[in-house]
Amino acid sequence: MPTPHTEHHFEASDTVRDIVIGMADGLTVPFALAAGISGAAVAMNIIVTAGVAEIAAGSIAMGLGGYLAARTERQHYYAERHREEQEILTVPHRERREVIEIMAEYGVTKQECEPMLAGLERTPTAWRDFMMRFELGLEEPHPDAARKSAITIALSYLVGGLIPLSPYLFMKSTQSALTLSTVVTLLALYIFGYLKGSVTGTGGLKSGLQTLLVGGLAATAAFSIARLIS
């Protein structure tokens, strides 16, 4: 008996995108803030208070941004879908030509498109969905996408932000806390990138090094700006 063929595709790209957005900012911004303030010779409790306040505000702001972005994407999808429905009703000849042009990109001739066009014309909703996917490259967003995106980004920012701030919670020396915060932040960037690459199939080692490099440069730039104005 032949073994059934099973295809495995990664289907959580939106979730991974939101985690990347939240974690990347969470690891770099609070680190830069705490590091910048530590250079101003202030008390440790002030650094911690400022860091916690930034993490709270940042997670809310990032979550809200993710929610609004997902809502806008959903509104855009339905606006475009309505436009396609109207075009199928009012200018079907143009829509037929667009189907033929789309399929020509896949090597399908006009004559070979005729049976497919007949099928699409019998089911206007299928025709609409075909145009949404192949002409506009749009997929219908999940109804809970906005809420899920907001929660994922906010929690990722919160978790990411606590990592560089944690040394300041348990150490008495500001300089020692800054040194440890730098080490754990860079290590977290590499681990995060490695896990992301392993999950998405792009390669853990490569993704880890890329995330470490990009995140390290971002953290360095943010730290330098924070030090200049502190």
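This is a predicted model: local features need pLDDT of at least 70, side-chain atom pairs count only at pLDDT 80 or more; totals for chains, interfaces and linings use all residues.
Residues are numbered from 1 along each chain as its sequence is written, and side-chain values use heavy atoms, with hydrogens and water left out.

The chain contains 8 helices and 0 strands, where helices (H or I, at least four residues) and strands (E, at least two) are DSSP runs numbered from the N terminus. Along the principal axes, the C-alpha atoms fill a box of roughly 75 × 50 × 30 Å.

Helices α4 (residues 110-122) and α5 (residues 124-134) have axes that come within 5 Å and cross at roughly 115 degrees. Axes are lines fitted to C-alpha atoms, for helices over the stretch in contact, and angles run from 0 to 180 degrees between N-to-C directions. In contact (heavy atoms within 4.5 Å) are M116, L120, E121 and R122 of α4 with P124, A126, W127 and F130 of α5. This contact comprises 6 nonpolar, no polar and 2 charged residues; Ala, Val, Leu, Ile, Met, Phe, Trp, Tyr, Cys and Pro count as nonpolar, Asp, Glu, Lys and Arg as charged, and the others, Gly among them, as polar.

A nonpolar surface patch is formed by L187, I191, Y194, L195, L205 and L209, with about 580 Å² of accessible area together. Patch residues have over 30% relative accessible area and no salt bridge, nonpolar side chains (Val, Leu, Ile, Met, Phe, Trp, Tyr) being joined within 5 Å; areas follow the Shrake-Rupley method with a 1.4 Å probe, and for residues only the protein chains shown count as cover. Helix α7 (174-200) and helix α8 (204-229) each supply at least two patch residues, with α7 giving the most, 4 residues.

Salt bridges (a side-chain nitrogen of Lys or Arg within 4 Å of a carboxyl oxygen of Asp or Glu) number 10. E80 forms one with R83, the closest N and O atoms being 2.8 Å apart. These two residues lie 3 apart in helix α2 (residues 44-90), so about one helical turn separates E80 from R83.

Notes:
Patches are made of residues with over 30% relative accessible area and no salt bridge: like charges are joined within 9 Å, nonpolar side chains (Val, Leu, Ile, Met, Phe, Trp, Tyr) within 5 Å.
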